[in-house]
Amino acid sequence: MPLLSDLHFDNRFARLGDTFSTRVSPEPLSNPRLVVSSASALALLDLDADEAQSELFTELFAGHKIWSTAEPRAMVYSGHQFGAYNPKLGDGRGLLLGEVVNQAGEHWDLHLKGAGSTPYSRMGDGRAVLRSSIREFLASEALHALGIPTSRALCVTLGDNPVYREREERAAMLLRLSPSHIRFGHFEYFYYTRQHDALRQLLDFTLSSCYPECLGDPQPELAMYRQVLQRTAEMIAWWQAYGFCHGVMNTDNMSILGITFDFGPYAFMDAFDIHHVCNHSDHEGRYAFHRQPAIAQWNLACLAQALTPFIEVDTLKAEIATFMPAFEQHYLHLMRRRLGWQGAEEGDSALIEQLLQLMQDSGSDFNLSLRLLAEGDTAARDHFIDRDAFDRWQQQHQQRQGSSETRQAALQANPVYVLRNYLAQNAIAAAEQGDFSEVRALHELLATPFSTQPNYADYAAAPPDWGRRLEISCSS
Ligand code: AMP
Ligand code: MG
């Protein structure tokens, strides 16, 4: 096991130079303490879970110390925010500390979010508050445990520094891990500033670091775009199949790896509502649950626009048109798995739609109803108002259900526990009072979401009334 102090860095992105990022040092948190850490994320760096207990760990991830071979930099990018182009964004409150190479030869970006101001902070303070850091930590690790492609989270640290939002809060830092921090917005920045040489360099870098398998293709750029599109379609299918609303699907929050990235006011839906808008600041409902697939496709068109210097427009248009069929295919696959259906039949899509309509009409809890159905629990029926309609649906469902093996597999596809907003809220409230035990317990629970844990029966239930309509907004 290597030690935290001698991680091996190979900072490829930093070597691209000042056109792509700016060297900035983190602004440390005062009186830092560790809120929570993820043993499985530590393992990605070949680190033992015990490392998180050391003073050095907290010092490193609260910006007090830095490895001599790390090279903290703020990346420049732009992007479409709520449909409008914003020419200059960039890492305003986060730094790419460097790239760690693990024993398997994988590169992992270490990104410290909430590390202080940078040239891209605009009017912001460069800080992250405790609640948003905890929310990103819990979501990253919970999505991963469900099998949903996502960036990871290593830890959250907390300081005494005051931060002013709607009220005074405390500054925190989150250490995010991802094989890459390149966003759609990186490409847009170099395209719209007409720096086509730099755009070419970025493309070559992304190809070699993220999509080396495309280099052998006669048209590597196109092969890469196709991969990004396919992976994004699959990611969105996971979101739709598990009731996950991202909340801020701006192109600067879209990873070039097609993984869930940059968590803000996200939510796992409780009661099923196809029009659910999780971001309190999204007045138009641009990023409503049912719009996520179309928005992802729109975002992919923005990325395509930035690649027009290298790929024919008509070729790109033809690729973009493959998004919805790809999404549908992945979505159907995931929903069949959740419902324990074997093989594929013509009427599957319509039968799924019927179930969702019944849930919509009844306000049924999305993940709980699906779990009860997978368990074959008659209590599922109690979650629907029109029981006759449910019984008619259930008959068809039973005909579609496969062998006992498929039904067994469905239990591994239907979580008992999901990261409900109110659960996160309870953990945050305790943490703000200095008690981190609830954050840690929730993180542990959500690391094995498919198995029932006797002490946590309440956590599987639908939310209490106060927890149904929590308002979460962008600014944190
Ligand atoms: P986000 O909503 O986190 O995706 O951020 C959108 C943009 O605003 C990015 O360029 C961020 O770096 C920047 N930003 C968000 N919050 C802050 C902050 N507190 N200080 C500086 N920049 C920020
Ligand atoms: Mg962002």
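Predicted model: local features only at pLDDT ≥ 70, side-chain atom pairs only at ≥ 80, totals over all residues.
View 1. A backbone N or O atom of Arg127 is found 3.3 Å from a nitrogen atom of the ligand, while an N or O atom in the side chain of Asn253 is 3.0 Å from one of the oxygen atoms of ligand 1. Taken alone, ligand 1 exposes 480 Å², of which the protein buries 82% (Shrake-Rupley areas, 1.4 Å probe). Residue numbers start from 1 along each chain as its sequence is written, and chains are lettered from A and ligands numbered from 1 in the order in which they are written. Local features need pLDDT of at least 70 and side-chain atom pairs count only at pLDDT 80 or more, whereas totals for chains, interfaces and linings use all residues; side-chain values use heavy atoms, without hydrogens or water.

**View 2. The shell around ligand 1.** There are 16 residues around ligand 1 (a heavy atom within 4 Å), and those that come nearest are Gly90, Gly92, Arg93, Arg122 and Gly126. By class, the shell holds seven charged, seven polar and two nonpolar residues, with Gly counted as polar.

**View 3. The magnesium site, ligand 2.** Asn253, through OD1, and Asp262, through OD, coordinate the magnesium ion at 1.9 to 2.1 Å (donors are N, O and S atoms within 2.8 Å of the metal, or 3.2 Å for Na, K and Ca; water is not among the atoms, so the site may look incomplete). Asn253 is buried, at 10% relative accessible area, and Asp262 also counts as buried, at 13% (buried is under 20%, exposed over 50%, partly exposed in between; 1.4 Å probe, protein chains only).

**View 4. The second largest pocket.** This pocket, an open set of points on a 1 Å grid with protein on both sides within 12 Å along at least five of seven lines, holds about 490 Å³ of space. It is lined by 21 residues (an atom within 4 Å of a point), and His276, Val277, Arg468, Arg469 and Leu470 are the closest to its centre. The lining comprises nine nonpolar, six polar and six charged residues.

**View 5. The largest cavity.** Three cavities of 30 Å³ or more are counted, a cavity being a set of points where a 1.4 Å probe fits but cannot get out. The largest has a volume of about 70 Å³, and its lining includes Arg12, Phe13, Met75, Glu99, Asp109 and His181.

Notes:
Points joined across faces, edges and corners; volume = space filled by probe spheres on them. Polar contact = N/O pair within 3.5 Å; in protein donor to acceptor, adjacent residues only side chain to side chain.
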